[in-house]
Amino acid sequence: MHFLRVALLAALSSLAEASLQIVPGATWTASNSEHVQAHGAGIIKVDSTYYLIGEDKTQGSAFQNINCYSSTDLVQWTYVGALLSRTSSGDLGPNRVVERPKVLFNAKTNKYVLYMHIDSSNYGEAKVGVATGDSVCGKYSYVGSFQPLNHQSRDMGLFADDDGTGYLLSEDRQNGLRIMQLSDDYLTVTASTYLWSDSIEAPALLKLNGRYYMFGSKLTGWDPNDNVYSTSTSLTSGWSAWTTFADAGSKTYTSQTNAVLPVGPNAAIYLGDRWVSSNLMASTYVWLPLSISGTTVTMANAESWVPNLSTTSSSASTAKPAETAYEGEAATYGGKARNVNCGSCSGGTAAGYVGGPDKGSVTFSNVRSDAAARTTVRVRYVNGDSSPRYANVRVNGGAAQKLAFLPTGSSVSSSTLHTDLKSGTNEIIIEGVGDGWGPDVDRLIVPVS
C-alpha cells in the first residue's frame, strides 16, 4: 500500500510538471507583467537556474538595455534586471546598436564575461564589445570594443568547449563566418580557428557526444529564411555543407537562430527570434526541440510543447496533454463586454470590449481539468493596436494575474497564462486593468490532464 501511494504521488507530480508548455510565437508575460524583452538572446545555466540574456526592444532598434531573466523550467520567467543600460555617450550611448549579447563564465578569473555586437546606427563599425560581471544576472562593467583580429564582426555568438577554451563566433561581412579562439580570461581574441566563406549570420554552436553543430541564418535582414547547420568532429576542419533543419520553405517557422541550448547529454533546443521589423517590441520567440542523430539535425514545428529538462534521451520534449477549447463568445459577459466580428477567429466572433471604463469582463465557467496541476493556458486573442494591451486574469477567485497581449494586427495569436488549476471544474475571468482595454478574446485552450 505504501508503495502504491508513493507511486501515485510520483505520477501526479510528474503529471503536474508535464503541463507547463512553451508556446512559440506567443506573448510571454514575465514577472514584471510585460512581454519578455530578451531578443537576440543567449542563455546560460547556473546550478539549476537558466538565465536568459538579451536585447530590450521596447523602444525600437536603438540600444536601451541588455536584460536578464531567470527560470527553472524555461516557461515561467522572472525579470531580474538590466546588465547594461544606455549611457549618455560612447558605445552604449544614444542611437547605438548593441545586439546579440552572450555570456560565458570564466573559471580562471571567476568572472562572467559578456560579449555583444557594437555598432553605429548605420552598421558602419562592426565591432564586438566586452563587459564583465561578478554575478550572472547582476550589473556588468563595460570594458570596451574592438574588431577581432582586425576583422568586421556583426552577428556573433560565444561557445565554451569541454576543456574551458572559449570561442567567438563572428559574422565578417567581407569574408564569411568565423570561429576565433578567446584568451584564457575571455577578454580578447587570440587566434583564428575556422572560416566559412559562405554568407551566414546569427551563429550558434552546439556540441553533443563529441560532435559540433554550427547553426546560422542566411543574410536576409529582418526577414526570415531557411536557417542552416554544418557539422564536424573538429572545430578546425571537416565541416559539412550547410543544410536546412526545419521544413524546407518554412523560413525556420518564421524565425532566426539566436542560440541552441543543450539539454542533458543527448538533446538540445533551438532558440529563435520571430522578428516584427515594423514594430520590434512586438517580436516573439520560437523555441522548439531539435532532433539530432549523428550528422542529421531536424526540427518539427509545434503550436506548443512540454519541455523535459531532465531527459537523458535524444528528445527535450515530453508528451503533451490533451486540450479543450472554450470559445470567448460562449462565455458569460460582464459590464459592456459583447460579441465582435473577427474574421480570423474561430467561428468569426470574439469576446470584445473587455475592460475599458465600463469594466467589461469575460467569465469562463466549468473549465475542466482532470488533475490538480500548474499548467499553461493559451489565451487566443486579437489586438489591433500598435502597443500591448493588458488584462487581469483571475482563476478560481484568486489574485489577479496581469497578462500582456502584443499587437497582432487582424491576426489571432496567443498569450500564455501559467496558473494552478484544480481537479474538476474551474473558473477563469478576464477583465481590464484600470480603465484600459484588454484584448478581443477568441478562445481559451486548456490542458485537460
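Residues are numbered from 1 along each chain as its sequence is written. In this predicted model, local features need pLDDT of at least 70 and side-chain atom pairs count only at pLDDT 80 or more, whereas totals for chains, interfaces and linings use all residues; side-chain values use heavy atoms, with hydrogens and water left out.

**Confidence**

The predictor's confidence in each residue is given as pLDDT, on a scale from 0 to 100. The protein chain has a mean pLDDT of 95, and 96% of its residues reach 70 or more. Over residues 1-16 pLDDT stays under 50, and for this segment the model has five contacts (heavy atoms within 4.5 Å) beyond four places in sequence.

**Nonpolar cores**

A nonpolar core is a set of buried Ala, Val, Leu, Ile, Met, Phe, Trp, Tyr and Cys residues joined through side-chain atoms within 4.5 Å. Buried means under 20% relative accessible area, exposed means over 50%, and partly exposed lies in between (1.4 Å probe, protein chains only). The largest nonpolar core has 44 residues, of which Val36, Leu52, Leu74, Trp77, Phe215, Trp287 and Leu290 touch the most other members. Strands are DSSP runs (E, at least two residues) numbered from the N terminus. Among the elements that give two or more residues to this core are β1 (39-46), β2 (49-55) and β18 (267-274). The most comes from β18, with five residues. Apart from this core lies another, of 25 residues, including Met281, Ala331, Phe364 and Val395.

Leucine 74 lies in the loop between β3 (65-71) and β4 (78-85). It counts as buried because its relative accessibility is 1%. Beyond its neighbours within four places in sequence, leucine 74 is in contact with Ile22, Ile43, Tyr50, Leu261, Ile269, Trp287 and Leu309.

**A buried lysine**

Strand β5 (residues 97-106) contains lysine 102. This residue is buried yet has no salt bridge, and the nearest side chain of opposite charge, glutamate 55, is 6.7 Å away. Here Lys and Arg count as positive and Asp and Glu as negative, while His and the chain ends are not counted. The side chain of lysine 102 reaches the backbone oxygen of glycine 40 at 2.9 Å. Contacts of lysine 102 outside four places in sequence include Gly40, Val113, Tyr115, Met156 and Asn258.

**Glutamate 303**

Glutamate 303 is placed in the loop between β21 (296-298) and β22 (306-307). With 46% relative accessibility, it counts as partly exposed. Its contacts beyond four places in sequence are Val23, Pro24, Arg378 and Arg380. The side chains of glutamate 303 and arginine 378 make a polar contact at 3.4 Å. A polar contact is a pair of N or O atoms within 3.5 Å; within protein, one must be able to donate a hydrogen and the other to accept it, and residues adjacent in sequence count only if both atoms are side-chain atoms.

**Salt bridges**

Side chains of opposite charge can pair when their charged atoms come close. A salt bridge is a side-chain nitrogen of Lys or Arg within 4 Å of a carboxyl oxygen of Asp or Glu.

| Arginine 96 | Aspartate 91 | 3.3 Å |

Salt bridges that share partners join Asp91, Arg96, Glu125 and Lys127 into one network. Glutamate 171 is buried at 2% relative accessibility, whereas arginine 173 is partly exposed at 42%.

Notes: Helices (H or I, at least four residues) and strands (E, at least two) are DSSP runs, numbered from the N terminus.
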